[in-house]
Each structure stands twice: as structure tokens, then as C-alpha cells.
Amino acid sequence: MAGESSEPSDGAAAEPEHAPIAGPLASGTTPALTLARSLAMEPDALLEMPPFDLFVAQLSSDSTEARVDAMKKLAVVGEAMGTKAAVEKLVPYLAEEIAGSDADDDDEILLLLAGELAKLVPGLIPGHGALPLLPILERLCCVEETVVRDKAVETTNQIVPLLLPGGNYEDGAPFGLLLAAAKRLAGADWFTAKVSAAGILPAVYAFWNAHAPQGEGATEAQRELRVLFKDLSEDDTPMVRRSAAKHLGRFVEAVAGLTDSAEELVKAGKGFPAVGEEHKRLVTYELVPIFQALSSDEQDSVRLLAVSCAGSVGCGLAREPGVTAEVVLPVVRGGCADLSWRVRNNLAKVFSTVTGSLGFAGSKQHAAKQAEVFQFFAGLLQDNEAEVRAAAVENIARMAQLGGADLFKQHIAPLLPNLADDLVMEVRSKLAQTLMDCCDPSICDTLTDDIILEEFKPLLENFLNDEFAEVQLHILTKLSRVSHLLGKMDVVVSSILQMAKAQNWRVREAVGRLLPFLAEARGVAFFQDHLLDPWLKIMSDQVADVRTACVDGMPKLLSVAGSQWIQSEMLPHYSRMYEESHSYLTRITVLRSFASLTEKHGEDENNIGTELMTEIVTIMLKGLKDKVPNVRLVAARGLGLVHISGQCDDAVMSAQIVPALNECIDGEADQDCKYQCQLALEAKA
């Protein structure tokens with residue numbers, strides 16, 4: 001879309017503006033025929049209408065379909081009008097006729113409006129020009145329909161951080177506007193506005209922290225924002241307290257000056273950003289009492305949201321173990337023993353984040369506290385409710401990383417056999433997934449190979465024989481992470497071989513991707529004696545994705561077995577499959593398999609011997625003369641990869657490949673094949 005620059009005002013940096021586009025056809029706003037019929041206008045008149053007029057006409061229609069279609073295209077209409085017209089005409093119209101009108105109670109229209117406003121900033125309307133959108137969003141934050149309010153809060157939180165850059169405000173805007181809007185919402189008579197106020201206060205406070213000029217006025221405004229949140233947390237209406245509990249974590253992070261969430265900080269595993277003493281004092285004396293009160297609220301719907309904020313509170317207290325042991329740990333203890341399973345479930349979902357935020361890890365002085373936390377976690381793993389057990393199981397890998405091998409073996413490992421035999425499939429499925437995550441060094445690097453063999457091997461054997469394919473797949477798709485240990489897992493290997501005939505095609509696909517790793521672990525001789533037949537059967541599978549698993553595994557097999565072995569042991573089987581095949585799909589699979597050997601993976605390239613490359617070229621040239629166009633196309637693509645690889649002898653290229661491709665171009669009737677041959681000729685190493 002064409003753009004032009006507007007003159008910057010008062011020294012602000014120039015912002016590119018979107019120029020208007022002539023005609024609704026160019027903007028994509030022309031209505032469908034059914035919608036055009038809903039407007040009392042001639043078709044020719046509709047085609048000549050400017051985008052804004054067409055938008056207004058559709059929104060003024062009695063047809064709900066036409067109005068919904070118009071609102072879905074709000075961002076498109078704005079782009080077509082351009083930045084200046086959108087700010088001067090479109091936004092005021094939305095404020096007065098849609099959001100400001102009590103007559104329009106169509107929640108679907110309001111929901112779409114709340115979502116579309118987010119698309120206008122900063123692409124069409126620059127951040128410092130988005131202030132006129134705030135009154136519209138404030139109005140939407142007060143409506144009765146929950147989904148509309150939630151979407152309005154979400155959009156507000158997206159726009160608020162963008163308001164200041166490039167702006168040159170007068171009279172303290174947007175700081176004054178944000179503070180006034182927060183006060184109006186928090187002081188409203190009806191609970192709906194208060195619920196929304198709790199949702200936007202974290203973003204407003206973070207904006208003040210980041211951009212407000214230092215001084216007594218800013219400090220007083222921030223104090224008012226904290227008082228507003230405190231009042232909301234003590235509101236008589238449970239829905240308001242629930243909203244305060246839901247957003248308490250983000251508000252604590254904003255007050256503490258953290259730019260990342262507690263989950264991101266703990267998961268990153270890096271050094272935590274320092275929390276200023278003043279910020280820490282505010283969290284300790286003003287927000288911790290709110291956290292403690294909401295965590296012990298009489299309504300379990302409030303408590304379950306409050307306890308899940310424990311990680312944010314711990315990070316807001318700079319993860320000082322002496323402080324978190326007195327403030328956060330008692331809440332965790334109470335949450336793990338709460339009579340409401342929903343509270344325990346919510347705490348179990350974020351337990352690793354909470355544990356990381358306490359700051360006990362690596363501190364000998366607080367080793368007993370860390371052990372106590374693992375005892376709480378063990379209790380959640382043995383909870384009577386399956387949902388709680390499933391939520392806790394998902395945290396095992398990160399808990400192992402936080403606690404180390406000793407705490408894992410002492411508190412978690414003894415519970416794994418019972419969890420592996422859990423009657424609920426979801427628990428077993430998530431356990432299978434998290435056990436493989438424990439073997440991923442990027443997630444957990446504290447468990448040694450000896451621990452994995454001792455604790456995990458019996459569980460893997462059971463999971464591979466589970467009645468549900470989902471459980472099996474979680475193991476199979478990630479078993480390559482322990483490929484170096486498969487030489488010591490005889491039962492696991494036997495189970496994998498049996499699963500090559502599984503009814504579920506996804507299981508067969510996972511087995512196909514795993515076989516090259518088994519060859520690496522057990523040796524080429526083992527592959528030739530035990531894995532070659534399953535490999536060839538998977539190569540001929542009826543499902544394309546299963547066959548592709550073997551195609552993708554060829555480079556790995558080449559790196560393990562070497563070029564000579566591929567030529568002497570695999571090539572005869574592939575050639576026989578190609579010659580005896582009755583289906584062109586088999587021939588395509590064989591060609592793709594050999595083509596994959598020549599394909600580069602990043603900077604690495606496969607070490608293909610001269611004799612093997614000659615065989616590859618021979619079978620590709622044979623495929624180039626196949627009677628089925630699809631086979632010829634794959635063969636031409638394979639020759640292109642051979643050319644790109646640079647491993648083919650120049651004499652072979654000039655004497656065999658180039659003439660064959662030219663001959664195919666001259667006599668080929670299929671345009672796609674001809675195009676692929678041309679690409680192969682133009683390919684460069």
C-alpha cells in the first residue's frame with residue numbers, strides 16, 4: 001500500500017501515514033451480492049461509494065449479516081481511508097454511533113469492534129495518535145457481556161504500552177487520561193466496570209513506571225493506582241475480587257518493575273533482574289497483604305486465581321529466600337492442602353514456576369525449605385483428583401531441573417511407577433511426555449544416564465505397550481533423545497520392532513523415524529539383521545507420511561552406516577522395489593529416498609561415494625523416462641538436488657544429466673515436469 005509522510009509536530013519524529021486508496025474495489029470492501037441486496041441502493045451506486053460511506057451504510061442496515069461483515073472489515077476500511085481520515089472520521093464515528101450509543105446492544109458487533117481496534121495500532125494509527133481509541137475501549141469495558149469486556153481489556157493492554165513513543169502531549173496526557181479512566185472504571189456503581197478496571201491497572205501502572213517523569217506528582221498517581229487495586233481486591237462482589245486475583249500477578253510484576261513474567265524468568269533459568277529497594281518495599285507492604293487476603297478468601301474461585309500468582313509475588317520480592325519463606329511458602333502450603341480440588345489444580349499447574357521464584361535452589365541454608373516444597377509437590381502427584389495429578393505431572397521435568405538429582409530420587413522417582421499405572425489415560429500421557437522432557441538437556445540437564453536407565457527404563461517399556469496410541473507416541477517421537485542408551489534397553493527395542501506393524505499410522509511413522517537412531521545405538525549389523533525388514537515394509541506403507549519417515553531418515557542412516565554399506569546392502573532392495581512396483585507411489589518413494597541423500601542440511605553435506613552417486617544418477621535418469629508424470633517430476637527434482645550438491649562428477653553432469661534434462665524439456669508434454677527440468681538445469685552448487 002502506498003504511503004506518504006506527514007510533517008512531525010513540535011519536534012516529534014516523522015511517522016509514515018497510510019494514504020487513502022481510491023474506490024472500494026482497491027480496498028477490498030466491496031460487499032458480497034447477498035450483502036449488497038441488504039442495502040437499498042443500486043449495484044452501480046455501491047461500486048462508486050467511498051469505503052467509509054459503504055462502511056456506514058452497512059452498519060446502518062437492518063441486516064445483521066451486513067453489519068457483522070462491515071465490522072469485520074474495520075481494519076481494511078481504515079487502511080483504505082488512510083491515517084488522517086481514519087483518525088478524523090472513522091474513530092469519531094465509532095465513538096459516537098457504535099460505542100456511545102445505548103441503542104446498539106448487539107454484543108457480536110461490540111465484540112468485533114473491540115478486536116478490530118487492536119489491528120489499527122500501530123500499523124495504521126501510530127501509538128501516540130491512539131488516544132482517541134481509549135474512550136471507545138473504556139465504554140466497551142463497561143458492557144454487560146463478559147467476552148466483550150475481556151476483549152476490550154485485552155485490546156487496551158495492547159495499546160497502552162504504545163501510547164508514548166513519538167508523542168508530544170500537553171497537560172500530562174496520556175498519563176492523566178489513563179489515570180482518569182482507571183478511576184472511573186474502578187469507582188463505577190456496577191461490577192462490570194470494576195472487573196475490567198482490575199484487568200487494565202497492571203498495564204497502566206507499568207506505563208507509568210516506564211514513561212512517567214519522576215516527581216511527586218508521578219509518585220502520588222502511582223499510589224492512587226495501588227489504592228484502586230487494593231479497593232478492588234476488597235470489593236464485596238466476588239466477581240470483582242476474582243478479577244483482582246486473576247490480574248494480581250501482573251500487577252505485582254508491574255509494581256516491581258519487571259518486564260518479563262515470572263514464568264518466563266523461571267523458565268529462562270538465567271540471573272534475575274534486580275528489583276529496586278523501593279519497589280520491593282511496595283510489594284512487601286502493600287501487595288503482599290492483598291495476596292494473602294485473596295489466597296484465604298471464602299470463595300474458592302478467588303483462591304484458585306490468587307495462589308497461581310505466588311510465582312509473581314516471589315519474583316517481585318527478588319526471590320529472597322528469607323522473605324519468600326515467610327510470605328509465599330505459607331500460601332503454597334495452604335494451597336496444597338486446600339479442600340477445593342480446583343485450588344490445588346491451579347497451584348499444580350504453576351508449581352515449578354512458584355518453586356523457582358522462592359529462591360531456595362542452591363542455598364544450603366534453605367535446603368530444608370526446598371525439601372519441604374518437594375514434599376508438597378509429591379503430595380500433588382498423589383492427589384485424589386486425576387486433574388490435579390495430571391497438572392502436577394507436567395511440572396516434573398522443570399522440578400527435576402530446579403531440585404537436582406538428589407531431590408528427584410528422594411521425592412519424585414518413588415512415585416513414578418504408580419503414576420505410570422494410573423487408571424486415567426491423561427495422567428499416563430502427560431507423564432510419558434514429561435519423562436522424555438527430563439531427557440532433553442535444553443529442559444533438564446541434572447539427571448544422569450544412570451538415573452535415566454534405573455528409573456525410566458521400566459516406565460518406557462510399559463508406555464510402549466500402552467493401549468492408547470497417544471501415550472506410545474509421546475515416547476516414540478522423542479525417544480531419539482536417549483538414542484545413546486538404546487543399546488542397554490533390549491525390551492524397549494523389541495517393543496519398537498513390534499510397533500512397526502501397529503494399526504495407528506502415526507505410530508508406524510514414529511517407528512520409521514526412530515529406526516536410524518536404533519542403527520546408531522545398536523550398530524549396522526543389528527540394523528541389517530533385525531531392522532531392515534521393518535524399514536522396507538514402512539517404505540511400502542499405504543500412508544504417505546509413514547513412507548516419508550523413511551525418506552527423511554536416509555541421511556541419518558548414511559551418516560551411521562556409510563556410503564559403501566548403503567550401496568551394497570540397501571541399493572539392491574530399493575532397485576528391486578522400483579522394478580517390481582505396481583504403484584507409482586513406491587517408485588516416487590524410492591526416488592525421494594535417494595534424492596534425500598544428496599540434499600544439504602544447513603552447512604552439512606552427506607559424504608556420498610562416487611559409486612553410490614553413479615547409482616543415484618542412474619535411477620534418477622530411469623525415473624525421468626517413467627510413464628507417470630508424477631514420477632518424472634520427482635526424478636527431475638532429484639537431479640536438481642544432485643546438481644546443487646556439487647558431489648557429482650562434471651563428466652557425468654555434462655554427458656548424462658544435462659542431455660537427459662534437455663531431451664525431457666523438448667519432448668515433455670506435462671508443463672510441471674518441464675518446469676522442474678528447467679529448474680534442475682539452472683540449479684547451482
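Accessible areas here come from the Shrake-Rupley method with a 1.4 Å probe. On that basis the chain exposes about 30800 Å². Carbon and sulfur atoms supply 49% of this area. The model is a predicted one.

**Overall build**

The chain has 39 helices and 2 strands. It holds 685 residues, and buried residues make up 53% of them.

**The largest pocket**

What volume does the largest pocket have? The value is about 770 Å³. Its lining counts 31 residues. Nearest the centre of the pocket lie Gly 249, Arg 250, Glu 253, Ser 261 and Ser 312.

Which helices each supply at least two residues of this lining? They are α12 (191-211), α14 (238-256), α15 (262-268), α18 (310-316) and α22 (351-358). By residue class, the lining divides into 14 nonpolar, 12 polar and 5 charged residues.

**Backbone features in loops**

Two loops carry backbone features worth a look on screen. One sits between α8 (107-120) and α9 (133-140), and Pro 122 lies in it. The peptide bond leading from Val 121 into Pro 122 is cis. Its omega is near 0°.

The other loop runs between α18 and α19 (321-327), and Ala 318 lies there. Arg 319 is found in the loop between α18 and α19 as well. Helix α18 has already come up, as one of the helices that supply at least two residues of the pocket lining.

Ala 318 has a positive phi, near 65°, in a residue other than glycine. Arg 319 is not a glycine either, yet its phi is positive, at about 55°.

Ala 318 has a relative accessible area of 29%, so it is partly exposed. Arg 319 stands at 28% relative accessibility and therefore also counts as partly exposed.

The table sets out the two residues.

| Residue | Phi | Relative accessible area |
|---|---|---|
| Ala 318 | near 65° | 29% |
| Arg 319 | about 55° | 28% |

Technical notes. Residues are numbered from 1 along each chain as its sequence is written. This is a predicted model: local features need pLDDT of at least 70, side-chain atom pairs count only at pLDDT 80 or more; totals for chains, interfaces and linings use all residues. Side-chain values use heavy atoms; hydrogens and water are left out. On a 1 Å grid over the protein atoms alone, a cavity is a set of points where a 1.4 Å probe fits but cannot get out, and a pocket is an open set with protein on both sides within 12 Å along at least five of seven lines; lining residues have an atom within 4 Å of a point. Grid points are joined across faces, edges and corners, and a volume is the space filled by probe spheres set on the points. Helices (H or I, at least four residues) and strands (E, at least two) are DSSP runs, numbered from the N terminus. Ala, Val, Leu, Ile, Met, Phe, Trp, Tyr, Cys and Pro count as nonpolar, Asp, Glu, Lys and Arg as charged, and the others, Gly among them, as polar. Buried means under 20% relative accessible area, exposed over 50%, partly exposed in between (1.4 Å probe, protein chains only).
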